[in-house]
Amino acid sequence: MNSTSSLFSPITLGNSKLNHRLVLCPLTRFRADKDHVPTPMMAEYYGQRASEGGLMISEATYITPADGVLPNTPGIYSEAQIEGWKEISKSVHTKGATMFLQLWHTGRAACSQLNPNNEQPIGPSAISIQGKGLTGVPYEMPRALETHEIPKVIETFVQAAKNAIEAGFDGVELHAANGYLVDQFINTSSNKRTDLYGGSIENRARFAMELVGAVAEAIGEERTAIRFSPWSGFQDMKDDTPYETWGYLVSQFQEKHPKLGYVHFIEPRDDFLGRLDQPERAHIAVTETVEPFQNIWKGPFIVSGGYTANPKRAFETADKNSNTLVAIGRAFISNPDLPLRLKNNWPLSPYDRSTFYTNDAVGYTDYEFYTE
Ligand SMILES: Cc1cc2nc3c(=O)[nH]c(=O)nc-3n(C[C@H](O)[C@H](O)[C@H](O)COP(=O)(O)O)c2cc1C
């Protein structure tokens, strides 16, 4: 019986008592306004996907305008944005859900044309990503951050975290996955620094560790969380020793910040960018696993990636380890009542990729709730 699976059993996460472990993945949807202010349509969308005792993670949210921002993606650095987000936190809290805001700095993936003064994107090292960026223009050569600038970047995250709490969220998820700034510091392919922030695992992990420490101090450990993707490969990410690198990070969290709200890992079988079709990557889905990290971390552990293709696997995953939650992305886009559908074994509606990144209600707030 689906309803007796651990997926539908309670768990304490941060300061919340959840009723089930099915989580909304962070999903960028381009429905903010041109000033990156969240819109009423977003409040409706998140409200639709909120459930009593459920956890939701917001789409990636900019912490500063100086990060080559994509159009219609939200920020959390202006008063108007904080006010806009308040409507969203209210709409999900009214339904009894908990919500963390995902904080984003794209680092070398940014676009200088979109920066207020056309500033060059920043990164750990002057190494550019190959190919074209999210805006369709070629990725640029980043400027390697000076050592003395790093505390300022961390402070920008801290202010954004405080803004998120002011906006009514239950916590923040630091986006340290998919080749963005924090991930760029961690991976050997993008970090060739020779100061305290590069070289050894301990040094490459330093930015993430200091970031978590500073945000936790500002808003509380329980309200601080982080998302990683050791095998994403996206935006030229590659690390020489993934198990050792992320194993070190998680051990450090367990030792120094054991009360973090949660630790979130994208599984190697994540297929949302279609990269598992590439022969050189296909094996990763089969041979690699996030289990060693889960064995280290004693608090709530979220896994995601590939559960849209096989939602039934969410039950097995949740039943395997008592601290597990499962986050689902694309299936949650097209099924606002996904937890109920999975619990009751109701059929799922298919998603339409062509409306993922459009600007209106079509493919956003018009997916239907299940009726028998
Ligand atoms: C439309 C879309 C937008 C996404 N935006 C984000 C994002 O803002 N932040 C993030 O960490 N991951 C993002 N992802 C990745 C998802 O969180 C998730 O890892 C991925 O969709 C795999 O889960 P699934 O197989 O259940 O869809 C996005 C994925 C999609 C499809």
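Let's start with Phe 30, which lies in the loop between S3 and H1. S is for strand and H is for helix: both are DSSP runs numbered from the N terminus, with at least four residues of H or I for a helix and at least two of E for a strand. Residues are numbered from 1 along each chain as its sequence is written. This is a predicted model, where local features need pLDDT of at least 70, side-chain atom pairs count only at pLDDT 80 or more, and totals for chains, interfaces and linings use all residues, while side-chain values use heavy atoms, with hydrogens and water left out.

Back to Phe 30. Its phi is near 60°, a positive value in a residue other than glycine. Is Phe 30 buried or exposed? Phe 30 counts as buried, at 14% relative accessibility. Buried here means under 20% relative accessible area, exposed means over 50%, and partly exposed is in between, using a 1.4 Å probe and protein chains only.

Now follow the chain into helix H1. H1 is mostly covered, with 7 of its 10 residues buried. They are Met 42, Ala 43, Tyr 45, Tyr 46, Gly 47, Gln 48 and Arg 49. What do the buried residues of H1 pack against? Their partners are strand S3 (22-24), S4, H2, S5 and H10. Packing rests on contact, meaning heavy atoms within 4.5 Å.

H2 is on that list, so to speak, and it is our next stop. Helix H2 covers residues 79-94, and at 1.5 Å a residue its 16 residues should span 22 Å; the end C-alpha atoms are 23 Å apart, which agrees. The expected span is 1.5 Å times one less than the number of residues. The buried residues of H2 are Gln 81, Ile 82, Gly 84, Trp 85, Ile 88, Ser 89 and Val 92. They cover an arc of only 160° around the axis, which puts them on the same side of H2. That arc is taken from the directions from the helix axis to the C-beta atoms. A handy rule goes with this: an α-helix has 3.6 residues a turn, so residues three or four places apart point the same way. The buried residues of H2 pack against helix H1 (40-49), strand S4 (55-62), strand S5 (98-104) and helix H3 (150-166). Just after H2, Gly 96 takes a positive phi of about 85°.

Next, please find the loop between S5 and strand S6 (122-123), where Ser 112 sits. Ser 112 is buried, with a relative accessible area of 14%. Setting aside neighbours within four places in sequence, Ser 112 is in contact with Asn 118, Glu 119, Gln 120, Pro 121 and Glu 140. Asn 118 is found in the loop between S5 and S6 too, and Asn 118 has a positive phi of about 55° although it is not a glycine.

Thr 224 lies in strand S9 (residues 224-228) and is buried, with a relative accessible area of 0%. Which residues surround Thr 224 in contact, beyond its neighbours within four places in sequence? Among them are Phe 100, Val 172, Leu 260 and Tyr 262. Thr 224 and Tyr 262 are 38 residues apart along the chain, yet their C-alpha atoms are separated by 7.5 Å. Thr 317, in helix H9 (residues 313-320), counts as buried at 15% relative accessibility. Leaving out neighbours within four places in sequence, Thr 317 is in contact with Val 303, Tyr 307, Thr 324 and Val 326.

Finally, empty space. Rolling a probe the size of a water molecule over the atoms shows where empty space is left. On a 1 Å grid over the protein atoms alone, a cavity is a set of points where a 1.4 Å probe fits but cannot get out; a pocket is an open set with protein on both sides within 12 Å along at least five of seven lines; and lining residues have an atom within 4 Å of a point. How many cavities of 30 Å³ or more does a search of the whole structure find? There are 2. The largest cavity holds about 100 Å³ of space. Of the 15 residues lining the largest cavity, Ala 109, Ala 110, Cys 111, Leu 134 and Thr 135 are the closest to its centre.

The largest pocket holds about 730 Å³. Its lining has 34 residues, with Pro 26, Leu 27, Asn 178, Phe 272 and Tyr 357 nearest the centre. S4, S5, strand S12 (324-328) and helix H10 (330-334) each supply at least two residues of that lining.

Key: Grid points are joined across faces, edges and corners, and a volume is the space filled by probe spheres set on the points.
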